[in-house]
Amino acid sequence: MYFDVASTAPLHPVARQALTAALDEGWADPARLYRSGRQARMLLDAARETVAAVLGARPDEISFTASGTQAVQLGLLGALAGNRRRGGHLVHSAVEHSSVLHVGERHEAGGGEVSVAPVDRTGRVDLRAFGALLRTDTALAALQSANHEVGTVQPVGEVAELCAAAGVPLLVDAAQSAGRMDVPAGWSLLTASAHKWGGPPGVGVLAVRKGVRYASPLPADEREGGRVPGYVNVPAIVAAAASLRAVRAEAERENARLHALVERIRGRVPQLVPEVEVVGDPVRRLPHLVTFSCLYVDGEVLLTELDRAGFAVSSGSSCTSSTLTPSHVLAAMGVLTEGNVRVSLPYGTAEADVERFLRVLPEVVAGVRAPLGLDLPAPAGDAGPLLVIDALGKRCPLPVIELAKRIGEVPVGGTVAVLADDEAARLDVPAWCGMRGQEYAGEAPAANYGGDRGSAYLVVRRS
C-alpha cells in the first residue's frame, strides 16, 4: 500500500486522460500563430484559467514553473528583489520547506537578513512572535499553508492580517493543501506543485497578485509573464489543471473519509504500540496525514521493515535522510526526531488497508525493538546519585536507548549524564524526558564527566 502522497501522489486518472489527449493536440509552440500553435495556446490558456479559478487568482497572475520548489525559489527571490528599496529583511517560520530555508541561506550570504518565527509543540507558528519580527525594512514574509511533515495547518489568515498591517507582502507555500482545502485569503504570492495533487511531475505554480512588486531574479524571457524562462510543457500543464479541478470537486467527500481514517490511526497507534508520540496539531491539520515517533527505534530500519510488510511510508528521522541530520521541522517542535513515521493517505484508501496497517505496525515495531532488551526489568540499584553513560561514537537512537535501559540504576532524584557526540542527542534526550516524565537538566562538556569529546546531557530521575 502506498501511504506517502505527501511526497508525491499517484497520477490521477483524469490527469492521465488529459495528458494523452494533450500530447496529440497541444504539442506545438503556443507562441506561434499557425493553427497547431494557436491550438496549443488555447489549451494553455484554458489550463491557466482553471488553475486560477481553483486558487482564487486571475489568469494573468498565474505562471507555470518546472516544479513547486522552483516556484518557491522564484517567488521568494523575485519578491525580495522587487521590494529591495524597502529593505533586505525576510521573515519565515521555523518549519518551512527546505526550498525556503535554502533561499534564506543564499539571501543571508548576499548581505540580507533573515528572521525565523518559532512554532509550538504542535508545529503551529507563534502568531505574536511572527508579528513581532515584522519591521519597516521587511521586504517579504513566507508561511506554508500546512506543514509537509506533520500536517499542521498554519494560521495563514491571521498572519496575512499582520503582514497587511505592516505593509509586508506574504508568500504562501500551498504545496500540501492546494486541491485538498480552500486556499487561505490574504496572500501576495502563492506557490503549489502539481504532483502533490495527482498531476504530472514537472509542473509548479507561481501566482503573483497584481500590484505586488516583483522583479525576476533570472534573465528576461517573453514567456510566462517574464517570471519563468523557457519553453512551457503544455501537455503536462493541461493534465495538471484537469486533475486539480477533479480533486477539488472530490475534496469534500474524500477529506471527510480520509479524516476519519487518520483519526483512527491517531487514536489507535498509541494504544497498540508502547512508547509512541503522535505529533502535529490534533485538530487543525490536513485530513490525510498523520505522523508519530517511536522511542528506541531506528527510523531507517522501521521504514525498511514496513516496506517489507507492504507499506510505503516516509520519515523525518535523520537516519533516513541523505544528510544524516535530524528533521528541522521535528527539531523546531521539540519532539522526538528518531523513529519517526509519516503516513499520508491517497484518495481512495480503503478502511481495510488502514486496518491492515494497524495490525502490522505493532508487530514490526516490536520486531525492531526486540534485540534491544527493553522488556528486561531495569536494574534496581544503589549506584548513587550520579550515573555516567558513555554513548560516545554511537548514533541516535542508541544514546536514548541506553538512557532508557539504565535510568533505573539511580534513585529518584538522582542524575544521569549521557555522553554523546551525535548532534541528534541534543534534541532526542530532552524529547525523551518530556515523554517519560523525567527532568532534563541541561548540557555540559563531556570532559566534566570523563569524556574526551562531545557533550554530557543531564537527566534527573523523577519517576
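This is a predicted model: local features need pLDDT of at least 70, side-chain atom pairs count only at pLDDT 80 or more; totals for chains, interfaces and linings use all residues.
User: Where does the cis peptide bond that joins cysteine 396 to the next residue lead, and in which loop is proline 397?
Analyst: Most peptide bonds are trans. The bond joining cysteine 396 and proline 397 is cis, with omega at about 15°. As for its place in the chain, proline 397 lies in the loop between β11 (386-390) and α11 (398-406).

User: What is the order of the strands in the open sheet of 7 strands, and which are its edge strands?
Analyst: The pairing in this open sheet is mixed, and the strands follow the order β1-β7-β6-β5-β4-β2-β3. From one strand to the next, the twist averages 20°. An edge strand pairs on one side only, and the two that do so here are β1 (62-65) and β3 (113-117).

User: Which strands does helix α2 touch, and at what angle does helix α3 run to β6?
Analyst: Helix α2 (residues 35-55) packs on the sheet and touches β1, β6 and β7 (204-208), while its direction makes about 110° with that of β1. Helix α3 (residues 68-82) lies across β1, β2 (89-93), β4 (138-144), β5, β6 and β7. The angle at which helix α3 runs to β6 is about 165°.

User: Is histidine 107 buried or exposed, and which residues does it touch?
Analyst: Histidine 107 lies in helix α4, which spans residues 98-109. Its relative accessible area is 16%, and because buried means under 20%, histidine 107 counts as buried. Leaving aside residues up to four places away in sequence, the residues that histidine 107 touches are Leu80, Gly88, His89, Leu90, Gly112, Glu113 and Val114.

User: In the open sheet of 4 strands, why is one side of each edge strand left without a neighbour?
Analyst: This sheet has mixed pairing and the order β11-β12-β14-β13. Each strand at an edge has a single partner strand, so one side of each is left without a neighbour in the sheet, and the strands concerned are β11 and β13 (439-445).

User: How many bridges join strand β12 to strand β14, and which residue in β14 stands opposite threonine 415?
Analyst: Strand β12 (residues 415-420) and strand β14 (residues 455-460) run antiparallel, and the number of bridges joining them is 6. Opposite threonine 415, the residue in β14 is valine 460.

User: Which strands does α11 lie across, and at what angle does helix α12 run to β14?
Analyst: The strands that α11 lies across are β11, β12 and β14, and α11 runs at about 145° to β11. Helix α12 (residues 425-436) lies across β12, β13 and β14, and its angle to β14 is about 0°.

User: How many cavities of 30 Å³ or more does a search of the whole structure find, and which residues line the largest cavity?
Analyst: The search finds 1 cavity of 30 Å³ or more. About 50 Å³ of space lies in the largest cavity. The residues lining the largest cavity are Val5, Ala6, Ala175, Gln176, Ser177, Ala178, Arg180, Lys196, Trp197 and His288.

User: What is the phi of glutamate 275, and is tyrosine 296 buried or exposed?
Analyst: Most residues other than glycine have a negative phi. Glutamate 275, in the loop between α7 (234-272) and β8 (276-279), has a positive phi of about 60°, and at 31% relative accessibility glutamate 275 counts as partly exposed. Tyrosine 296, in the loop between β9 (289-294) and α8 (299-308), has a positive phi near 65°. At 7% relative accessibility, tyrosine 296 counts as buried.

How values were computed:
Residues are numbered from 1 along each chain as its sequence is written. Side-chain values use heavy atoms; hydrogens and water are left out. Buried means under 20% relative accessible area, exposed over 50%, partly exposed in between (1.4 Å probe, protein chains only). Contact means heavy atoms within 4.5 Å. Two strands pair if DSSP finds at least two bridges between them. Axes are lines fitted to C-alpha atoms, for helices over the stretch in contact, and angles run from 0 to 180 degrees between N-to-C directions. On a 1 Å grid over the protein atoms alone, a cavity is a set of points where a 1.4 Å probe fits but cannot get out, and a pocket is an open set with protein on both sides within 12 Å along at least five of seven lines; lining residues have an atom within 4 Å of a point. Grid points are joined across faces, edges and corners, and a volume is the space filled by probe spheres set on the points.
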